[in-house]
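I opened my notebook to record what I looked up in this structure. My entries follow in order.

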Amino acid sequence: MSSPVVVVDGLRVVRGGTAVLDGLDVTVEAGVTGLLGPSGCGKSTLLRSVVGVQRVAGGTVTVLGSPAGSPSLRTRVGYLTQSSSVYDDLSVTENLRFFARVLGRPVRVVDETVELVDLGRHRDQVVGRLSGGQRSRVGLAAALLGDPELLVLDEPTVGLDPVLRRDLWAVFHRLAADGKVLLISSHVMDEAERCDRLLLMRDGAIIAHDSPAEVKRATGTDSVEDAFLALVVPREGRGATSSTSEDQR
């Protein structure tokens, strides 16, 4: 894809009388884009705006050539929220069959999707009895049922141990290799190295947008975490406020 998949132009979101995002401009291209920043900086608000479930006060968000939230994007965009979006008292297969019916997808896609996220051995297990990493993959499978072109994943690896995080990122890169576009948020800086491009966010603003290598080169640092700090300290030195509160995410 040569043109941007997502175009955010002058996005403004106000919550509780405070502008959480104020005139934000950003684009998302093909591959795996990581949206990284501390909790409360506005990552989830931006992702909800991309999906089209966030009330906005101004600006536009265009996704795959259509306004965010358009009915035509229903199966073209998959969304994984931080909170569980599947039913704990149903098995993996029962969950996915339910969501397939909601999306109007044939039953055969359930088995295909279970294999895609490497849950074949757990297809008949009740979701509430699965590990954290397995539960995350069930949610990812649900987001994949519509065969979306864009996957928007809100902190999908939060709370997982390093091995489970590694396994889930392997799934993400397999999806990207198959042509999916992924926008993934995280507050764990070491995940930045796993991305093709980065959006570093602070106080509702994008402070860097480039490949991990270029972000490090531009700041003269050896890690994305150090690059982030190098970008943030001058901003705070000029009197920038701290991150917005957790309830403004």
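I first noted how elements are named: helices (H or I, at least four residues) and strands (E, at least two) are DSSP runs, numbered from the N terminus. The model is predicted, so I took local features only at pLDDT of at least 70 and side-chain atom pairs only at pLDDT 80 or more, while totals for chains, interfaces and linings use all residues. Residues are numbered from 1 along each chain as its sequence is written, and side-chain values use heavy atoms, with hydrogens and water left out.

**Entry: positive phi**

I looked up Asp147. It sits in the loop between α4 and β7 (150–154). Its phi is positive, about 55°, although Asp147 is not a glycine. Is Asp147 buried or partly exposed? I found 47% relative accessibility, so Asp147 counts as partly exposed. The cut-offs are these: buried is under 20% relative accessible area, exposed is over 50%, and partly exposed is in between (1.4 Å probe, protein chains only).

Leu64 came next. I found it in the loop between β4 (58–63) and β5 (66–67). Leu64 counts as buried because its relative accessibility is 14%.

**Entry: helix α1**

I checked α1, residues 43–51. How many of its nine residues are buried? I got eight, so the helix is mostly covered by definition of the term. Among the buried ones are Leu46, Leu47, Val50 and Val51. Just after α1, Gly52 takes a positive phi of about 95°.

**Entry: pockets**

I used a 1 Å grid over the protein atoms alone: a pocket is an open set of points where a 1.4 Å probe fits, with protein on both sides within 12 Å along at least five of seven lines, and lining residues have an atom within 4 Å of a point. Grid points are joined across faces, edges and corners, and a volume is the space filled by probe spheres set on the points.

The largest pocket holds about 480 Å³. Of its 21 lining residues, Arg74, Val77, Gly78, Tyr79 and Leu103 are the closest to its centre. At least two lining residues come from each of β6 (77–80), α2 and α4 (132–144).

The second largest pocket has a volume of about 220 Å³. I counted 15 lining residues; Thr81, Gln82, Ser84, Arg135 and Ser136 are the closest to its centre. Which element gives the largest share of this lining? I found that α4 does, with four residues.
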